[in-house]
Amino acid sequence: MAFDPVKEITLFHDAINRLDYQMIEDYFAEDATYVSNGVGSLSGRDEIMAAFRKYFDDYPDQTAFNTLVERVSPYAGRAVWSVRATHSKTGKPLVREGEETITFNEEGRVTRVDVKDYQDF
């Protein structure tokens, strides 16, 4: 059966929405890279997971919705999404819209995430 990046991105995002840290961590290759104009460039699963945990400590009520998930190559896909959340300490709302390209290796692990927010974050 051929790898389906659309299906895997959907499952990956579902794990994020559930805050299933173990599943999120299992998705990332050990040497993954995560690049976002919000957090900068992160290298390695450990650094990425530390940033995920900090972000969700700050925004534990995040809700995210994909408006599009499409295949861009046999091992990559692009998701267009919107996010709503409230900062746990300040109460300030967060509204984000953007897209990300997620690249997988042949084992189905995420090797790279490139996030592009449509506005300043």
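How many bridges join S1 to strand S2, and do the two strands run parallel or antiparallel? Select S1 (28-36) and S2 (residues 40-43) to find out: four bridges join them, and they run antiparallel. Strands pair if DSSP finds at least two bridges between them.

Some ground rules before moving on. This is a predicted model, where local features need pLDDT of at least 70, side-chain atom pairs count only at pLDDT 80 or more, and totals for chains, interfaces and linings use all residues. Residues are numbered from 1 along each chain as its sequence is written, and side-chain values use heavy atoms, with hydrogens and water left out. Helices (H or I, at least four residues) and strands (E, at least two) are DSSP runs, numbered from the N terminus.

**Stop 1: the strands around Ser-36**

Stay on S1. A hairpin of three residues links S1 to S2. Pick Ser-36: Gly-40 in S2 stands opposite. S1 and S6 run parallel, joined by five bridges. Ser-36 has Val-115 as its bridge partner in S6.

**Stop 2: the core**

Next, select Ile-24, Phe-28, Tyr-34 and Phe-52. In the largest nonpolar core, which has 26 residues, these four touch the most other members. Such a core is a set of buried Ala, Val, Leu, Ile, Met, Phe, Trp, Tyr and Cys residues joined through side-chain atoms within 4.5 Å. Buried means under 20% relative accessible area, exposed over 50%, and partly exposed in between (1.4 Å probe, protein chains only).

Zoom in on Phe-52. Beyond its neighbours within four places in sequence, Phe-52 is in contact with Ile-16, Tyr-21, Ile-24, Phe-28 and Tyr-34. Contact means heavy atoms within 4.5 Å.

**Stop 3: Glu-100**

Move to strand S5, where Glu-100 sits. Glu-100 is buried but has no salt bridge, meaning a side-chain nitrogen of Lys or Arg within 4 Å of a carboxyl oxygen of Asp or Glu. Arg-96, the nearest side chain of opposite charge, is 6.7 Å away. For charge, Lys and Arg count as positive, Asp and Glu as negative; His and the chain ends are not counted.

Now show His-13. Its side chain makes a polar contact of 2.5 Å with that of Glu-100. A polar contact is a pair of N or O atoms within 3.5 Å; within protein, one must be able to donate a hydrogen and the other to accept it, and residues adjacent in sequence count only if both atoms are side-chain atoms.

**Last stop: Leu-19**

Find Leu-19 in the loop between H1 and H2. Its phi is near 55°, a positive value in a residue other than glycine.
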